[in-house]
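These are the notes I would pass to a colleague who is about to look through the model. They are set out as numbered points, to be read alongside the sequence and the structure.

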Amino acid sequence: MFVFSLKKAIEIVVSSVKKLFFGSNQFLLNKMWKVVDQIDHINLSDLSDKDLSGMTFVLKERLKNGESIDDILVDAFAVVREAAHRVLNERPYRVQLLGGIALHKGMISEMKTGEGKTLTSALPAYLNALTGEGVHIVTVNDYLAERDSKLIGKIFNFLGLSVGCVANHMGDEARKQQYDCDITYITNNELGFDYLRDNLKMSPDQVCQRGLHCAIVDEIDNILIDEARTPLIISGSSEETSGLYMWIQSIVSQLDEAHYEKDEKNHTVTLNEDGIQKIENIMRQEGVLDDDQTIYDSQHIILIHHINQALKANALFIKNVHYMVSDNKVNIIDEFTGRIMHGRRYSDGLHQAIEAKESVEIQEENQTLASITFQRLFRLYGKLCGMTGTASTETEEFEKIYNLNIAVIPTNKTIARIDHEDEIYGTMKEKINAVISLVKKCHAKAQPVLLGTSSVEKSQIFADALTEHGIMHRVLNAKNHANEAKIIANAGKLGHVTVVTNMAGRGTDIKLGGNPKILIEDLTKDLDDEEQISEISNHVNEQSEKEREEVLKVGGLFVVGTERHESRRIDNQLRGRSGRQGDIGESKFFLSLEDDLMRIFASGNLKQWLKRFGLKEGEKITSKMITKAISKAQKRVEAHNFDIRQQMKKYADVKEDQMSYIYLYRNEILSSFNFDMLIDISNRVIDNAMEKFLSDENWNESGLSEYLQSVCGINIDIASAVKDTQANSSLISNYVKENLRVHLSQFENDEDMISFSRVCALNAIDDQWRSHVQALDYLRQGINLKSYGQKDPLIEYKKDAFAMFEKIWPSIYENSLQNLTNKTSHPSLLDEEY
């Protein structure tokens with residue numbers, strides 16, 4: 001015991017020393033600065049365009065001759081730096097080289113807004129693409145993927161590399177071509193769904209992706225933290241149940257707040273005794289329940305599930321905050337960006353419950369065919385790295401979940417933005433008045449204002465207030481996502497007031513005086529005359545520069561936060577929209593005691609302390625102590641959300657570990673199925689059949705004969721075989737296997753039948769996995785009841801899930817063989833393209 005304690009103590013001390021001296025951000029940067037100095041010493045300006053482009057071949061040859069990718073880093077970065085200067089007239093700064101090195105080392109580069117993350121990504125992308133295995137640059141939306149592939153793609157094309165971009169509208173063949181490129185730009189959603197779809201394909205020729213080797217993730221915190229709790233799901237239609245949802249909604253809509261207990265902090269709601277009684281009375285009146293029955297009886301377990309989902313839909317999910325209704329459909333709103341999450345639906349009937357609540361068309365309830373979380377998807381990559389302006393507040397999560405360290409890259413120029421203290425008011429109304437008052441002052445001197453809100457609903461409230469006071473403004477939220485880049489491009493122009501939801505517009509710079517690139521793109525999109533395009537470009541650039549000087553005179557961009565978010569990271573992202581590249585600017589947050597963060601998460605001490613101030617109407621509090629207290633409240637929420645994500649990951653890992661095993665076996669069948677694999681499957685079927693029918697506990701010769709006829713398509717007199725072998729089960733097994741091998745040998749040299757056998761096996765795998773996923777979902781829903789028996793639900797879930805997983809394999813082998821040997825009973829299989 002003493003030895004163990006001493007050993008543990010030494011480990012803790014060694015870990016602390018390493019972190020102190022070798023794991024600090026400055027230590028990492030000092031090492032990387034030395035590499036930057038080496039790159040700086042290389043001058044390629046004397047090379048012709050042809051010779052510079054030819055460096056790609058030279059570097060590839062060096063890799064072939066045994067040099068490592070790290071050995072050629074300095075030269076590769078120098079090549080990209082020179083190519084960027086010639087093609088885009090942009091020469092990466094030293095800090096961008098630093099960020100690129102961190103990315104190549106498999107780290108997160110934290111680079112402030114406006115520091116050129118897009119150009120930085122080109123450096124490690126080019127270097128890692130030289131291996132020929134492909135690099136994926138992952139962005140948060142289609143617009144950024146297309147924009148960056150065209151802009152940065154010019155550098156790669158100049159250097160002889162191919163560039164692809166996967167778009168939502170593309171078919172399989174087009175997607176395959178894009179993935180075959182050296183560097184592919186893609187959104188996280190398209191990447192995940194393509195991975196799932198590839199693992200449902202029936203022929204290797206249909207597979208789009210060629211492997212997950214290297215991913216450079218833009219806005220990595222948004223994808224790996226904010227979206228970590230929402231899995232990607234591919235589903236198929238199930239039974240029609242829309243009538244049930246409408247009926248349940250008609251019952252739940254009769255409840256009020258006295259009938260349930262709502263916990264906003266944990267986002268849960270449960271019926272109380274009054275609520276249960278109310279529902280049971282309604283159901284008895286409608287003849288659904290007998291007088292001696294309750295909704296919790298085992299025969300009504302489906303009903304109670306739907307009641308709970310309808311209760312959540314009505315009590316917890318708010319229109320224009322969690323979702324919005326457009327085109328007679330319920331669309332989920334990303335709570336962190338305010339964007340619509342196209343193609344995403346809540347699971348377990350919750351989405352249908354919301355559709356019933358909003359009286360829109362209820363989509364069919366779906367059965368999960370395949371699913372994966374972003375946590376698992378990105379951990380499948382051989383190399384993972386990413387960029388963001390705000391990652392350091394989530395250091396623990398990135399390290400624990402993804403094994404990613406963060407390099408905080410210094411800014412190219414010193415930040416000149418002034419961050420004012422928060423102002424706190426008693427009510428929402430007073431806060432709105434204070435915000436409008438500040439906007440008026442800024443607007444009077446033409447200072448551009450960016451007004452950040454936490455939801456579509458809040459953005460509309462502030463937009464209405466601005467309209468009431470006669471202040472012209474533009475609104476960027478989930479309702480007008482299509483104009484996102486254009487609105488953000490103009491947000492830094494003189495006198496412009498822009499209302500945004502959280503970080504809508506991420507990835508597009510707000511440049512003082514306007515973003516000339518986007519403005520030129522918009523003005524010249526329908527033009528072909530190069531001279532005319534050049535004339536417009538020069539005029540826009542000239543006007544933008546003049547206007548930039550005017551904006552600087554009035555104080556730069558003023559960012560106004562209308563409340564603190566649950567995460568400090570989101571607040572920092574909003575604040576960081578001002579003061580890019582050393583520009584002057586200002587930021588200020590306005591809070592009220594009615595804000596969600598203050599109302600739900602602020603500590604009792606903070607609330608009591610604020611009450612002592614005895615705030616009068618219109619009075620504000622500005623205090624560093626309160627700002628720190630609010631920051632502590634945010635830290636508690638971040639820790640709480642991290643715990644939730646970590647717990648969810650533990651459960652998701654169980655299913656996804658099994659999925660990895662299934663996909664590994666499935667890909668083996670898909671890519672290299674042959675006659676020997678068919679025989680291996682048949683032998684496993686016979687082994688299971690022998691254990692089932694001719695074991696010491698159960699000796700059933702006729703049962704085995706019938707089984708072999710039904711499943712294997714062979715007619716064997718087992719009774720005679722038993723007699724000939726003197727009831728030796730091992731000899732009987734070998735005898736049956738040999739007969740089955742002879743029966744199957746007709747397929748050995750028939751390519752079409754081997755391909756058909758592969759389809760049969762793949763269908764069997766998919767059918768069993770689909771049923772298993774559904775069973776795991778049901779198991780997960782009820783596993784917490786185990787805690788009442790003093791058992792750890794997670795351990796019990798792992799044990800039960802493993803036992804269930806073990807049981808599906810005999811069925812996979814059996815169905816694979818039965819699908820083949822009795823193919824006439826499965827005519828649909830004959831129509832598969834194999």
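1. A disulfide is taken here as a pair of cysteine sulfur atoms within 2.5 Å. By that criterion, a search of the whole structure finds 0 disulfides. The sulfur of Cys 165 has its closest cysteine sulfur in Cys 181, at 10.0 Å, which is too far for a bond. Cys 165 is buried, with a relative accessible area of 13%, and Cys 181 is buried as well, at 12%; buried means under 20% relative accessible area, exposed means over 50%, and partly exposed lies in between, with a 1.4 Å probe and protein chains only.

2. On provenance, this is a predicted model, in which local features need pLDDT of at least 70 and side-chain atom pairs count only at pLDDT 80 or more, while totals for chains, interfaces and linings use all residues. Residues are numbered from 1 along each chain as its sequence is written, and side-chain values use heavy atoms, with hydrogens and water left out.

3. As to the overall fold, the protein chain holds 32 helices and 20 strands, where helices (H or I, at least four residues) and strands (E, at least two) are DSSP runs numbered from the N terminus. Of the 834 residues in the chain, 52% count as buried. Contact means heavy atoms within 4.5 Å, and among contacts between residues at least 6 apart in sequence, 75% join residues at least 24 apart.

4. Helix α23, residues 568-575, is mostly covered, since 7 of its 8 residues are buried.

5. Lys 632 belongs to helix α26 and is exposed, with a relative accessible area of 56%. The C-alpha atoms of Lys 632 and Arg 568 are separated by 9.8 Å, although the two residues are 64 apart along the chain.

6. How do the axes of α27 and α30 cross, and at what angle? The axes of helix α27 (residues 675-693) and helix α30 (residues 729-744) come within 10 Å and cross at roughly 145°; axes are lines fitted to C-alpha atoms, for helices over the stretch in contact, and angles run from 0 to 180 degrees between N-to-C directions. The crossing is right-handed, a term used if the near helix is turned clockwise from the far one by less than a right angle, with left-handed used if anticlockwise. In α27, Phe 675, Leu 678, Ile 679, Ser 682, Asn 683, Ile 686, Asp 687 and Met 690 meet Ser 729, Ile 732, Ser 733, Val 736, Lys 737, Leu 740, Arg 741 and Leu 744 of α30. The residues of this contact divide into 9 nonpolar, 4 polar and 3 charged; Ala, Val, Leu, Ile, Met, Phe, Trp, Tyr, Cys and Pro count as nonpolar, Asp, Glu, Lys and Arg as charged, and the others, Gly among them, as polar.

7. Helix α5, residues 94-104, is mostly covered, with 10 of its 11 residues buried, including Val 95, Leu 98, Ile 101 and His 104. Just after α5, Gly 106 takes a positive phi of about 80°.

8. Glu 219 has a positive phi of about 50° although it is not a glycine; Glu 219 lies in the loop between β5 (214-218) and α11 and counts as buried at 6% relative accessibility. Asp 327 likewise has a positive phi, of about 55°, without being a glycine; Asp 327 is found in the loop between β9 (323-326) and β10 (329-332) and counts as exposed at 72% relative accessibility.

9. His 136 is found in strand β2 (residues 135-139) and counts as buried at 5% relative accessibility; leaving aside neighbours within four places in sequence, His 136 is in contact with Tyr 179, Thr 184, Leu 191, Gly 211, Leu 212, Cys 214, Ala 215, Ile 216 and Tyr 381. Asn 490, in helix α20 (residues 484-490), counts as buried at 14%, and, not counting residues up to four places away in sequence, Asn 490 touches His 496 and Leu 519.
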